[in-house]
Amino acid sequence: MRERLSVVIPVFNEEGNIRPVYEAVREEIAGLETDFEIIFVDDGSTDGSLPLLKELHTDDPHVRVIGFSRNFGHQSAVSAGIAAATGNAVICMDADLQHPPSMIPRMVEQWRAGYQVVYTIREDGADTGLLKRWFSSGFYRFINWISETPVIPGAADFRLMDRSVVDVLVAMPERSRFLRGMVGWLGFNQIGIRYQAASRHSGQSK
């Protein structure tokens, strides 16, 4: 049976990033010889994001759009996209191009080699401020102090999950979700790969 890849991208007021991330993801998938779908989840955007997503859907049947009635938050949007995904593997990534689409072939390669979760570890660039580095370091120290499940510093929500992992994750009853911790807690055969975070393509961080 031919492989099918799902790419889940949450969107909140990302009008300036939607088409560039769509084109970049489409280009990277083109060389993978796999069926695919790109699922955009609009998390109650108040700019032109949703109309633009609907245009992409009209122009490209590989694009699916889920629209929230209001802003429910990043983790809810990602969770909805994962639940709707039909692929043998599901990749989650942000819309601002700080999660490089160029990593997709490497993630798929590791999945084809037998890894069920391929997570990414962000390496901050020289433009990352000292305050942000300090808060990030403090967050991981705190979360690993209170949790029995370790969370790898720098690990991002940019990851690939095999269908076997997705099915278990979707079945979990948690309503307030911290996907990084949940996926780590599940176990499975996991591997991390590092990436250099790019500058945000357009707009401001949410």
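**Ground rules.** I am working from a predicted model, where local features need pLDDT of at least 70, side-chain atom pairs count only at pLDDT 80 or more, and totals for chains, interfaces and linings use all residues. Residues are numbered from 1 along each chain as its sequence is written, and side-chain values use heavy atoms, with hydrogens and water left out.

**Rings.** How many aromatic pairs does the structure hold? I found two aromatic pairs. For the term, rings of Phe, Tyr and Trp (its six-membered ring) pair if their centres lie within 6.5 Å; planes under 30 degrees apart are stacked, over 60 edge-to-face, and the rest tilted.

Phe-68 and Phe-72 make an edge-to-face pair, with 5.5 Å centre to centre and 90° between the planes. I checked their burial, taking buried as under 20% relative accessible area, exposed as over 50% and partly exposed as in between (1.4 Å probe, protein chains only). Phe-68 is buried at 19% relative accessibility, whereas Phe-72 is partly exposed at 40%.

The other pair I noted is Phe-158 with Tyr-195, also edge-to-face, at 5.9 Å centre to centre and 85° between the planes. Because Phe-158 lies in strand β6 (residues 155–162) and Tyr-195 in strand β7 (residues 190–196), this pair ties together parts that are 37 residues apart in sequence. My helices (H or I, at least four residues) and strands (E, at least two) are DSSP runs, numbered from the N terminus. Phe-158 and Tyr-195 are both buried.

Back at Phe-72, I saw that the charged end of Arg-70 sits over the Phe-72 ring, 3.8 Å from its centre. That wording requires NZ of Lys or CZ of Arg within 6 Å of the ring centre and within 35 degrees of the ring normal.

**Cavity.** I searched the whole structure and got one cavity of 30 Å³ or more. A cavity here is a set of points, on a 1 Å grid over the protein atoms alone, where a 1.4 Å probe fits but cannot get out; lining residues have an atom within 4 Å of a point. The largest cavity has a volume of about 40 Å³. Its lining includes Glu-3, Leu-32, Ala-89 and Trp-111. Which elements give two or more residues to this lining? They are β1 (4–11) and α4 (104–112), and α4 gives the most, with three residues.

**Loops.** Most residues other than glycine have a negative phi. Glu-33 is in the loop between α1 (18–30) and β2 (35–42), and is exposed, with a relative accessible area of 65%.

Leu-97 also has a positive phi, near 70°.

A polar atom of the Asp-96 side chain lies 3.0 Å from the backbone nitrogen of Gln-98.

Ile-29 is in helix α1 and is buried at 2% relative accessibility.

How values were computed: 1 Å grid on protein atoms, 1.4 Å probe; cavity = no way out; pocket = protein on both sides within 12 Å on 5 of 7 lines; lining within 4 Å. Points joined across faces, edges and corners; volume = space filled by probe spheres on them. Polar contact = N/O pair within 3.5 Å; in protein donor to acceptor, adjacent residues only side chain to side chain.
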